[in-house]
Amino acid sequence: MQLTSTTDYAIRIVCYLAAQRQMISTSELSQELSVPSSYIPKITKKLNQAGIIKACEGTNGGYMLAKQPENISLMEIISCVEETMAINRCLEEDRFCSRNLEDTCKIHKILLSLQNTYNNKLESVKVSDVIRP
């Protein structure tokens, strides 16, 4: 599985906001992070809806964190911008199995174990860990 560029941008935006600890404009985010300025509102809308950042409109508007960096996990950021976190279709909520063998499939069990390891690691890494020198 490969994360999208939107996810990469979202992580960089949150980390930058955490490091700056103040209101940051779209133009500064764009310039400092090499993210197209037209794309930032799309990403920040999702981060705002997830309660990760706050958005303020107006002349002195911009974005800032809504939580402390140690309370924001990579999992939280990634899951708010990615369509799914499942590494295989059979791990989706509807538990679809093309072979109808979910209960006996060895591959399903292996993938579920990998998914749990992946999720736990992303949950354990906090933004404060990423921005720490």
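How many disulfides does the chain come to, by the rule of a pair of cysteine sulfur atoms within 2.5 Å? The count is 0. Cys-80 is in no disulfide: the nearest cysteine sulfur, that of Cys-15, is 13 Å away.

## Basis of the model

This is a predicted model, in which local features need pLDDT of at least 70, side-chain atom pairs count only at pLDDT 80 or more, and totals for chains, interfaces and linings use all residues. Residues are numbered from 1 along each chain as its sequence is written, and side-chain values use heavy atoms, with hydrogens and water left out.

## Overall layout

The chain has 6 helices and 2 strands. Helices (H or I, at least four residues) and strands (E, at least two) are DSSP runs, numbered from the N terminus. Read from the N terminus, the order is α-α-α-β-β-α-α-α. The C-alpha trace spans about 60 × 30 × 25 Å along its principal axes.

Of the 133 residues in the chain, 38% are buried. Buried means under 20% relative accessible area, exposed means over 50%, and partly exposed lies in between (1.4 Å probe, protein chains only). Contact means heavy atoms within 4.5 Å. Take the contacts with a separation of 6 or more: residues 24 or more positions apart account for 64% of them.

## Helix H1

H1 covers residues 5-20. Its 16 residues should span 22 Å at 1.5 Å a residue, and the end C-alpha atoms are 22 Å apart, which agrees. The expected span is 1.5 Å times one less than the number of residues. Just after H1, Arg-21 takes a positive phi of about 55 degrees.

Buried residues of H1 include Thr-6, Tyr-9, Ile-13, Cys-15 and Leu-17. What do the buried residues of H1 pack against? Their partners are H2, H3, strand E1 (53-56), strand E2 (62-65), H4 and helix H6 (127-131).

## Helix pairs

Two packed helices are described by the angle between their axes and the distance between the axes. Axes are lines fitted to C-alpha atoms, for helices over the stretch in contact, and angles run from 0 to 180 degrees between N-to-C directions. H1 and H2 pack at about 110 degrees, with axes 11 Å apart. H1 is therefore roughly perpendicular to H2. Angles of 65 to 115 degrees count as roughly perpendicular, under 35 as roughly parallel, over 145 as roughly antiparallel, and the rest as oblique. H1 contributes Arg-12, Ile-13, Tyr-16 and Leu-17 to the contact, while H2 brings Glu-28, Leu-29, Glu-32 and Leu-33. These contact residues of H1 and H2 are 5 nonpolar, no polar and 3 charged. Ala, Val, Leu, Ile, Met, Phe, Trp, Tyr, Cys and Pro count as nonpolar; Asp, Glu, Lys and Arg as charged; the others, Gly among them, as polar.

Helices H4 (residues 74-81) and H5 (residues 106-124) cross at roughly 115 degrees, and their axes come within 6 Å. H4 is therefore roughly perpendicular to H5. Leu-74, Met-75 and Ile-78 of H4 meet Asn-119, Leu-122 and Glu-123 of H5. The residues of this contact of H4 with H5 divide into 4 nonpolar, 1 polar and 1 charged.

## Loop residues

Met-23 sits in the loop between H1 and H2 (26-33). Is Met-23 buried or partly exposed? Met-23 counts as partly exposed, at 28% relative accessibility. Beyond four places in sequence, Met-23 touches Cys-56, Asn-60, Gly-61, Gly-62, Tyr-63 and Met-64. Met-23 and Ile-78 are 55 residues apart in sequence, and their C-alpha atoms are 22 Å apart.

Val-35 lies in the loop between H2 and H3. Val-35 is buried, at 2% relative accessible area. Leaving aside neighbours within four places in sequence, Val-35 contacts Tyr-9, Arg-12, Ser-30 and Ile-40. Val-35 and Thr-6 are 29 residues apart in sequence, with C-alpha atoms 9.5 Å apart.

## Other sites

Thr-44 lies in H3 (residues 40-49). Thr-44 is buried, with a relative accessible area of 2%. Not counting residues up to four places away in sequence, Thr-44 touches Ile-13, Ile-53 and Tyr-63.

Lys-109 is found in H5. At 49% relative accessibility, Lys-109 counts as partly exposed. The C-alpha atoms of Lys-109 and Leu-91 are 9.8 Å apart, across 18 residues along the chain. Cys-105 counts as buried, at 18% relative accessibility.

Key
Disulfide = S-S within 2.5 Å.
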